[in-house]
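This briefing is meant to be read with the sequence and the model side by side. It goes from helix packing to the sheet, and then to the cores.

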Amino acid sequence: MNDLPPLPHLVVIPVFPGINALDVTGPAEILVLANRLLPAGRAGYDVRLRAERVGPVETFSGVPLLVGEVLREPPMRPDTILVPGRVDLGPDGPVPRVDDAVVAWLREMGPEAGRVASVCAGAHVTAAAGLLDGHRATTHWATADRLAASHPAVEVDADPVFVRSGRMWTSAGLTASMDLTLALIAEDHGDDLALDIARIMVMYLQRPGGQSQFSVPLAHRAGGRTDLRGLRHWIADHLDADLSVPVLAARLAMSERHFARIFRTETGTTPGAYVEELRLEAARRLLERTDQPLPGIARSCGLGSVETVHRVFRDRLGTTPAEYRRRFRVTGP
(Lines give C-alpha, C1' and ligand atoms only; values in the text may rest on other atoms or scores of the structure.)
Protein backbone atom coordinates (compact mmCIF):
# COMPACT_ATOMS: atom_id res chain seq x y z
CA MET A 1 0.00 0.00 0.00
CA ASN A 2 1.37 3.39 -1.01
CA ASP A 3 0.39 6.21 1.36
CA LEU A 4 3.01 8.67 0.18
CA PRO A 5 1.62 12.16 -0.51
CA PRO A 6 1.62 13.28 -4.15
CA LEU A 7 4.66 15.24 -5.26
CA PRO A 8 4.05 18.99 -5.62
CA HIS A 9 3.88 20.58 -9.06
CA LEU A 10 7.28 22.26 -9.51
CA VAL A 11 7.03 25.77 -10.97
CA VAL A 12 10.35 27.44 -11.78
CA ILE A 13 10.47 31.17 -12.55
CA PRO A 14 13.82 32.25 -14.04
CA VAL A 15 14.45 35.89 -13.13
CA PHE A 16 16.99 38.43 -14.35
CA PRO A 17 17.70 42.13 -13.76
CA GLY A 18 15.11 44.61 -14.97
CA ILE A 19 12.16 42.21 -15.20
CA ASN A 20 8.68 43.40 -14.31
CA ALA A 21 7.97 42.42 -10.72
CA LEU A 22 4.29 41.76 -11.44
CA ASP A 23 5.27 39.13 -14.02
CA VAL A 24 6.67 37.16 -11.09
CA THR A 25 4.61 38.12 -8.05
CA GLY A 26 1.20 38.01 -9.76
CA PRO A 27 1.42 34.35 -10.85
CA ALA A 28 3.22 33.36 -7.64
CA GLU A 29 0.48 34.82 -5.43
CA ILE A 30 -2.24 33.02 -7.38
CA LEU A 31 -0.41 29.68 -7.30
CA VAL A 32 0.12 29.90 -3.55
CA LEU A 33 -3.53 30.85 -3.07
CA ALA A 34 -4.45 27.72 -5.03
CA ASN A 35 -2.44 25.70 -2.51
CA ARG A 36 -4.56 27.13 0.31
CA LEU A 37 -7.80 26.17 -1.45
CA LEU A 38 -6.86 22.70 -2.68
CA PRO A 39 -8.41 19.84 -0.69
CA ALA A 40 -6.18 17.61 1.43
CA GLY A 41 -4.35 15.03 -0.59
CA ARG A 42 -4.17 17.08 -3.79
CA ALA A 43 -0.71 18.09 -4.97
CA GLY A 44 -0.15 21.84 -4.78
CA TYR A 45 2.46 24.09 -6.37
CA ASP A 46 6.10 24.45 -5.33
CA VAL A 47 7.09 27.87 -6.70
CA ARG A 48 10.82 28.60 -6.95
CA LEU A 49 12.70 31.64 -8.22
CA ARG A 50 16.04 30.99 -9.89
CA ALA A 51 18.63 33.38 -11.27
CA GLU A 52 22.22 33.35 -12.49
CA ARG A 53 23.35 33.96 -8.90
CA VAL A 54 21.80 33.89 -5.43
CA GLY A 55 20.77 37.20 -3.89
CA PRO A 56 18.58 40.21 -4.70
CA VAL A 57 17.53 40.80 -8.30
CA GLU A 58 16.41 44.34 -9.05
CA THR A 59 13.17 44.71 -10.98
CA PHE A 60 11.92 47.43 -13.32
CA SER A 61 10.24 49.17 -10.39
CA GLY A 62 13.36 48.99 -8.23
CA VAL A 63 11.73 46.54 -5.82
CA PRO A 64 14.22 43.67 -5.44
CA LEU A 65 13.32 39.99 -5.56
CA LEU A 66 15.34 37.78 -3.20
CA VAL A 67 16.43 34.66 -5.09
CA GLY A 68 17.66 31.63 -3.20
CA GLU A 69 18.50 29.23 -6.05
CA VAL A 70 20.71 29.46 -9.12
CA LEU A 71 19.66 28.38 -12.59
CA ARG A 72 22.24 25.60 -12.53
CA GLU A 73 20.71 23.85 -9.54
CA PRO A 74 20.91 20.04 -9.81
CA PRO A 75 18.67 19.20 -12.79
CA MET A 76 15.09 18.60 -11.74
CA ARG A 77 12.40 18.47 -14.41
CA PRO A 78 10.08 21.46 -13.90
CA ASP A 79 6.40 20.74 -14.38
CA THR A 80 5.95 24.38 -15.42
CA ILE A 81 8.42 27.10 -16.35
CA LEU A 82 7.07 30.66 -16.06
CA VAL A 83 9.18 33.10 -18.07
CA PRO A 84 8.86 36.78 -17.07
CA GLY A 85 9.84 39.65 -19.36
CA ARG A 86 11.71 42.92 -19.42
CA VAL A 87 10.84 45.97 -21.51
CA ASP A 88 13.04 49.07 -21.66
CA LEU A 89 11.60 52.41 -22.77
CA GLY A 90 13.66 53.58 -25.74
CA PRO A 91 13.30 56.71 -27.89
CA ASP A 92 11.32 54.74 -30.46
CA GLY A 93 9.07 52.99 -27.96
CA PRO A 94 9.24 49.86 -25.81
CA VAL A 95 12.20 47.57 -26.43
CA PRO A 96 12.02 43.98 -25.10
CA ARG A 97 15.23 42.62 -23.60
CA VAL A 98 16.42 39.06 -23.16
CA ASP A 99 18.93 37.59 -20.75
CA ASP A 100 21.58 35.30 -22.22
CA ALA A 101 21.85 33.12 -19.12
CA VAL A 102 18.08 32.54 -19.02
CA VAL A 103 17.97 31.84 -22.75
CA ALA A 104 20.74 29.24 -22.41
CA TRP A 105 18.95 27.62 -19.46
CA LEU A 106 15.65 27.55 -21.38
CA ARG A 107 17.31 25.86 -24.35
CA GLU A 108 18.42 23.11 -21.99
CA MET A 109 15.44 22.79 -19.63
CA GLY A 110 12.57 24.01 -21.80
CA PRO A 111 12.26 20.81 -23.86
CA GLU A 112 12.22 18.78 -20.61
CA ALA A 113 9.52 20.82 -18.85
CA GLY A 114 5.91 19.74 -18.78
CA ARG A 115 4.91 23.15 -20.14
CA VAL A 116 6.45 26.58 -20.67
CA ALA A 117 4.42 29.72 -20.05
CA SER A 118 5.72 33.16 -21.07
CA VAL A 119 4.41 36.27 -19.39
CA CYS A 120 4.12 39.53 -21.35
CA ALA A 121 7.52 40.27 -22.99
CA GLY A 122 8.78 36.94 -21.67
CA ALA A 123 7.70 35.60 -25.05
CA HIS A 124 10.78 37.29 -26.52
CA VAL A 125 12.99 35.33 -24.11
CA THR A 126 11.25 32.04 -24.88
CA ALA A 127 11.39 32.75 -28.62
CA ALA A 128 15.13 33.50 -28.39
CA ALA A 129 15.56 30.00 -26.95
CA GLY A 130 13.79 28.58 -30.02
CA LEU A 131 10.90 27.15 -28.03
CA LEU A 132 8.14 29.08 -29.82
CA ASP A 133 9.13 28.13 -33.36
CA GLY A 134 6.13 26.63 -35.14
CA HIS A 135 3.75 27.82 -32.41
CA ARG A 136 1.06 30.48 -32.25
CA ALA A 137 1.91 33.04 -29.57
CA THR A 138 1.02 36.42 -28.16
CA THR A 139 2.86 39.10 -26.20
CA HIS A 140 2.33 42.70 -25.16
CA TRP A 141 0.69 44.54 -28.05
CA ALA A 142 3.47 47.17 -28.12
CA THR A 143 6.16 44.55 -28.82
CA ALA A 144 4.19 42.10 -30.97
CA ASP A 145 5.46 43.46 -34.28
CA ARG A 146 9.03 43.21 -33.04
CA LEU A 147 8.47 39.60 -31.95
CA ALA A 148 7.08 38.71 -35.37
CA ALA A 149 9.95 40.44 -37.19
CA SER A 150 12.66 38.90 -35.00
CA HIS A 151 11.20 35.38 -35.01
CA PRO A 152 9.41 34.67 -38.32
CA ALA A 153 8.93 31.01 -37.34
CA VAL A 154 6.52 32.15 -34.60
CA GLU A 155 2.90 32.86 -35.54
CA VAL A 156 2.27 36.07 -33.56
CA ASP A 157 -1.28 37.16 -32.68
CA ALA A 158 -1.37 40.40 -30.69
CA ASP A 159 -5.08 40.28 -29.81
CA PRO A 160 -5.63 37.43 -27.31
CA VAL A 161 -5.17 37.77 -23.56
CA PHE A 162 -3.27 34.51 -23.72
CA VAL A 163 -2.62 31.70 -26.17
CA ARG A 164 -2.03 28.00 -25.69
CA SER A 165 -0.25 26.09 -28.44
CA GLY A 166 0.47 22.57 -27.32
CA ARG A 167 2.56 22.80 -24.15
CA MET A 168 3.59 26.38 -24.92
CA TRP A 169 1.59 29.22 -23.33
CA THR A 170 2.03 32.95 -23.85
CA SER A 171 0.20 35.96 -22.44
CA ALA A 172 -0.28 39.63 -23.27
CA GLY A 173 0.44 42.58 -20.94
CA LEU A 174 1.39 42.56 -17.26
CA THR A 175 -1.97 41.80 -15.66
CA ALA A 176 -2.64 39.10 -18.26
CA SER A 177 -0.09 37.03 -16.34
CA MET A 178 -2.77 36.41 -13.75
CA ASP A 179 -5.35 35.40 -16.37
CA LEU A 180 -2.78 32.98 -17.76
CA THR A 181 -2.10 31.54 -14.31
CA LEU A 182 -5.81 30.99 -13.70
CA ALA A 183 -5.95 29.06 -16.97
CA LEU A 184 -3.01 26.90 -15.91
CA ILE A 185 -4.75 26.14 -12.60
CA ALA A 186 -7.98 25.34 -14.45
CA GLU A 187 -6.08 22.86 -16.61
CA ASP A 188 -4.54 21.21 -13.55
CA HIS A 189 -7.45 21.27 -11.12
CA GLY A 190 -10.59 22.32 -13.00
CA ASP A 191 -12.54 25.51 -13.63
CA ASP A 192 -14.20 25.57 -10.20
CA LEU A 193 -10.92 26.18 -8.37
CA ALA A 194 -9.89 28.85 -10.88
CA LEU A 195 -13.28 30.52 -10.44
CA ASP A 196 -12.94 30.49 -6.64
CA ILE A 197 -9.52 32.15 -6.93
CA ALA A 198 -10.86 34.72 -9.39
CA ARG A 199 -13.59 35.66 -6.91
CA ILE A 200 -11.07 36.08 -4.08
CA MET A 201 -8.75 38.13 -6.31
CA VAL A 202 -11.73 40.15 -7.63
CA MET A 203 -10.84 39.19 -11.19
CA TYR A 204 -12.72 38.05 -14.24
CA LEU A 205 -12.00 34.43 -15.09
CA GLN A 206 -10.44 34.93 -18.50
CA ARG A 207 -10.46 32.13 -21.05
CA PRO A 208 -8.49 31.62 -24.24
CA GLY A 209 -9.52 34.39 -26.60
CA GLY A 210 -9.88 38.12 -26.78
CA GLN A 211 -10.02 40.64 -24.00
CA SER A 212 -13.80 40.94 -24.26
CA GLN A 213 -14.23 37.47 -22.77
CA PHE A 214 -15.56 36.99 -19.27
CA SER A 215 -17.11 34.46 -16.95
CA VAL A 216 -20.87 34.98 -16.71
CA PRO A 217 -21.24 34.16 -12.97
CA LEU A 218 -18.59 36.76 -12.15
CA ALA A 219 -20.08 39.38 -14.46
CA HIS A 220 -23.30 39.60 -12.41
CA ARG A 221 -23.97 40.30 -8.76
CA ALA A 222 -24.00 37.30 -6.45
CA GLY A 223 -27.10 38.54 -4.61
CA GLY A 224 -28.17 37.63 -1.11
CA ARG A 225 -30.79 34.95 -1.77
CA THR A 226 -29.49 31.41 -1.40
CA ASP A 227 -32.39 29.99 -3.41
CA LEU A 228 -31.46 32.10 -6.43
CA ARG A 229 -27.76 31.26 -6.06
CA GLY A 230 -28.68 27.59 -6.06
CA LEU A 231 -30.88 28.09 -9.11
CA ARG A 232 -28.03 29.77 -10.97
CA HIS A 233 -25.78 26.78 -10.28
CA TRP A 234 -28.55 24.48 -11.50
CA ILE A 235 -29.00 26.51 -14.68
CA ALA A 236 -25.27 26.24 -15.46
CA ASP A 237 -25.49 22.44 -15.12
CA HIS A 238 -28.62 22.09 -17.29
CA LEU A 239 -28.08 24.38 -20.27
CA ASP A 240 -29.72 21.90 -22.65
CA ALA A 241 -32.95 21.89 -20.61
CA ASP A 242 -36.02 24.12 -20.87
CA LEU A 243 -34.88 27.26 -19.03
CA SER A 244 -37.84 29.48 -19.77
CA VAL A 245 -39.19 31.84 -17.11
CA PRO A 246 -42.23 29.62 -16.35
CA VAL A 247 -39.99 26.60 -15.71
CA LEU A 248 -37.48 28.52 -13.59
CA ALA A 249 -40.21 30.27 -11.61
CA ALA A 250 -41.86 26.92 -10.91
CA ARG A 251 -38.62 25.53 -9.50
CA LEU A 252 -38.68 28.24 -6.84
CA ALA A 253 -42.46 28.06 -6.38
CA MET A 254 -42.89 31.69 -7.45
CA SER A 255 -45.16 33.42 -9.88
CA GLU A 256 -43.48 34.31 -13.16
CA ARG A 257 -43.76 38.06 -12.54
CA HIS A 258 -42.39 37.82 -8.99
CA PHE A 259 -39.54 35.55 -10.10
CA ALA A 260 -38.53 37.85 -12.96
CA ARG A 261 -38.54 40.88 -10.65
CA ILE A 262 -36.52 39.15 -7.91
CA PHE A 263 -34.02 37.73 -10.42
CA ARG A 264 -33.35 41.14 -11.94
CA THR A 265 -33.02 42.77 -8.52
CA GLU A 266 -30.53 40.14 -7.36
CA THR A 267 -28.41 39.82 -10.53
CA GLY A 268 -28.89 43.04 -12.46
CA THR A 269 -30.16 41.23 -15.56
CA THR A 270 -33.21 39.32 -16.79
CA PRO A 271 -33.50 35.52 -16.61
CA GLY A 272 -33.58 35.25 -20.40
CA ALA A 273 -30.46 37.36 -20.89
CA TYR A 274 -28.61 35.47 -18.16
CA VAL A 275 -29.43 32.08 -19.68
CA GLU A 276 -28.38 33.25 -23.14
CA GLU A 277 -25.04 34.53 -21.77
CA LEU A 278 -24.36 31.19 -20.09
CA ARG A 279 -25.22 29.29 -23.26
CA LEU A 280 -23.02 31.59 -25.32
CA GLU A 281 -20.08 31.12 -22.95
CA ALA A 282 -20.54 27.34 -23.09
CA ALA A 283 -20.59 27.46 -26.88
CA ARG A 284 -17.43 29.56 -26.92
CA ARG A 285 -15.63 27.09 -24.69
CA LEU A 286 -16.59 24.20 -26.94
CA LEU A 287 -15.43 26.10 -30.02
CA GLU A 288 -12.14 26.89 -28.29
CA ARG A 289 -11.44 23.46 -26.85
CA THR A 290 -13.08 20.86 -29.11
CA ASP A 291 -13.68 19.95 -32.75
CA GLN A 292 -17.36 19.28 -32.08
CA PRO A 293 -19.55 20.26 -35.07
CA LEU A 294 -21.78 23.31 -34.70
CA PRO A 295 -25.11 21.38 -34.65
CA GLY A 296 -23.90 19.35 -31.66
CA ILE A 297 -22.69 22.48 -29.88
CA ALA A 298 -26.08 24.12 -30.47
CA ARG A 299 -27.88 21.16 -28.89
CA SER A 300 -25.55 20.65 -25.92
CA CYS A 301 -25.56 24.36 -25.01
CA GLY A 302 -29.33 24.69 -25.33
CA LEU A 303 -29.19 27.15 -28.22
CA GLY A 304 -31.20 24.73 -30.31
CA SER A 305 -30.21 25.42 -33.89
CA VAL A 306 -27.20 26.51 -35.88
CA GLU A 307 -29.18 29.58 -36.94
CA THR A 308 -29.62 30.60 -33.28
CA VAL A 309 -25.91 30.13 -32.60
CA HIS A 310 -25.08 32.40 -35.53
CA ARG A 311 -27.57 35.02 -34.33
CA VAL A 312 -26.21 35.05 -30.77
CA PHE A 313 -22.59 35.26 -31.91
CA ARG A 314 -23.42 38.05 -34.35
CA ASP A 315 -25.47 40.07 -31.85
CA ARG A 316 -23.20 39.67 -28.82
CA LEU A 317 -19.71 39.20 -30.29
CA GLY A 318 -19.94 40.68 -33.76
CA THR A 319 -18.47 37.57 -35.37
CA THR A 320 -19.43 34.12 -36.64
CA PRO A 321 -18.83 30.81 -34.83
CA ALA A 322 -16.45 29.68 -37.59
CA GLU A 323 -14.38 32.84 -37.37
CA TYR A 324 -14.36 32.64 -33.58
CA ARG A 325 -13.08 29.05 -33.66
CA ARG A 326 -10.44 29.89 -36.26
CA ARG A 327 -9.08 32.73 -34.18
CA PHE A 328 -9.35 31.39 -30.65
CA ARG A 329 -9.01 27.63 -31.02
CA VAL A 330 -6.75 26.19 -28.31
CA THR A 331 -4.35 23.90 -30.14
CA GLY A 332 -2.67 20.84 -28.74
CA PRO A 333 -3.78 18.40 -26.04
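Axes here are lines fitted to C-alpha atoms, for helices over the stretch in contact, and the angles between N-to-C directions run from 0 to 180 degrees. On that basis, in this predicted model, the axes of helix 5 (residues 176–189) and helix 6 (residues 191–201) come within 7 Å and cross at roughly 150 degrees. Angles over 145 degrees count as roughly antiparallel, and helix 5 and helix 6 are therefore roughly antiparallel to each other.

**Helix pairs**

- On the helix 5 side, the contact with helix 6 is made by M178, L182, I185, A186 and H189, while helix 6 contributes D191, L193, A194, I197, A198 and M201.
- By residue type, this contact of helix 5 with helix 6 divides into nine nonpolar residues, one polar and one charged.
- Helix 8 (residues 226–237) and helix 10 (residues 256–267) have axes that come within 11 Å and cross at roughly 90 degrees; these two helices are therefore roughly perpendicular to each other.
- L228, L231 and R232 of helix 8 make this contact with F259, I262, F263, E266 and T267 of helix 10, and the residues involved divide into five nonpolar, one polar and two charged.

**The sheet and the helices on it**

- Seven strands form an open sheet with mixed pairing, in the order 5-2-1-6-9-13-12; strand 5 and strand 12 (162–165) are the edge strands, each of which pairs on one side only.
- Helix 1 (residues 21–37) packs on the sheet, where it touches strand 1 (9–14), strand 2 and strand 6 (80–83), and its direction makes about 155 degrees with that of strand 2.
- Helix 5 lies across strand 1, strand 2, strand 6, strand 9 (115–118), strand 12 and strand 13 (168–171), and it runs at about 150 degrees to strand 13.

- Strand 2 (residues 45–51) and strand 5 run parallel and are joined by two bridges, and R50 has E69 of strand 5 as its bridge partner.
- V70 lies in strand 5 (residues 69–70), and it counts as partly exposed because its relative accessibility is 23%.
- Leaving aside neighbours within four places in sequence, V70 is in contact with R50, A51, E52, R53 and V54.
- V70 and V15 are 55 residues apart in sequence, with a C-alpha to C-alpha distance of 9.8 Å.

- Strand 9 and strand 13 run parallel and are joined by three bridges, with T170 of strand 13 as the bridge partner of S118.
- Strand 12 and strand 13 pair in the antiparallel sense over four bridges, and S171 of strand 13 is the bridge partner of F162.
- The hairpin of strand 12 and strand 13 has two residues between the strands, and in this hairpin G166 takes a positive phi near 65 degrees.
- M168 and T170 point one way from strand 13, whereas W169 and S171 point the other way, and all are buried.

**Nonpolar cores**

- The largest nonpolar core has 59 residues, of which V15, I81, L82, L106, I185 and I197 touch the most other members; helix 5 supplies the largest share of this core, eight residues.
- Leaving aside neighbours within four places in sequence, V15 is in contact with V24, R50, A51, V57, L65, V67 and V102.
- A second, separate core of 29 residues includes L239, Y274, L287 and A298.

Note on methods
Residues are numbered from 1 along each chain as its sequence is written. This is a predicted model: local features need pLDDT of at least 70, side-chain atom pairs count only at pLDDT 80 or more; totals for chains, interfaces and linings use all residues. Side-chain values use heavy atoms; hydrogens and water are left out. Buried means under 20% relative accessible area, exposed over 50%, partly exposed in between (1.4 Å probe, protein chains only). Contact means heavy atoms within 4.5 Å. Two strands pair if DSSP finds at least two bridges between them. A nonpolar core is a set of buried Ala, Val, Leu, Ile, Met, Phe, Trp, Tyr and Cys residues joined through side-chain atoms within 4.5 Å. Angles under 35 degrees count as roughly parallel, over 145 as roughly antiparallel, 65 to 115 as roughly perpendicular and the rest as oblique. Ala, Val, Leu, Ile, Met, Phe, Trp, Tyr, Cys and Pro count as nonpolar, Asp, Glu, Lys and Arg as charged, and the others, Gly among them, as polar.
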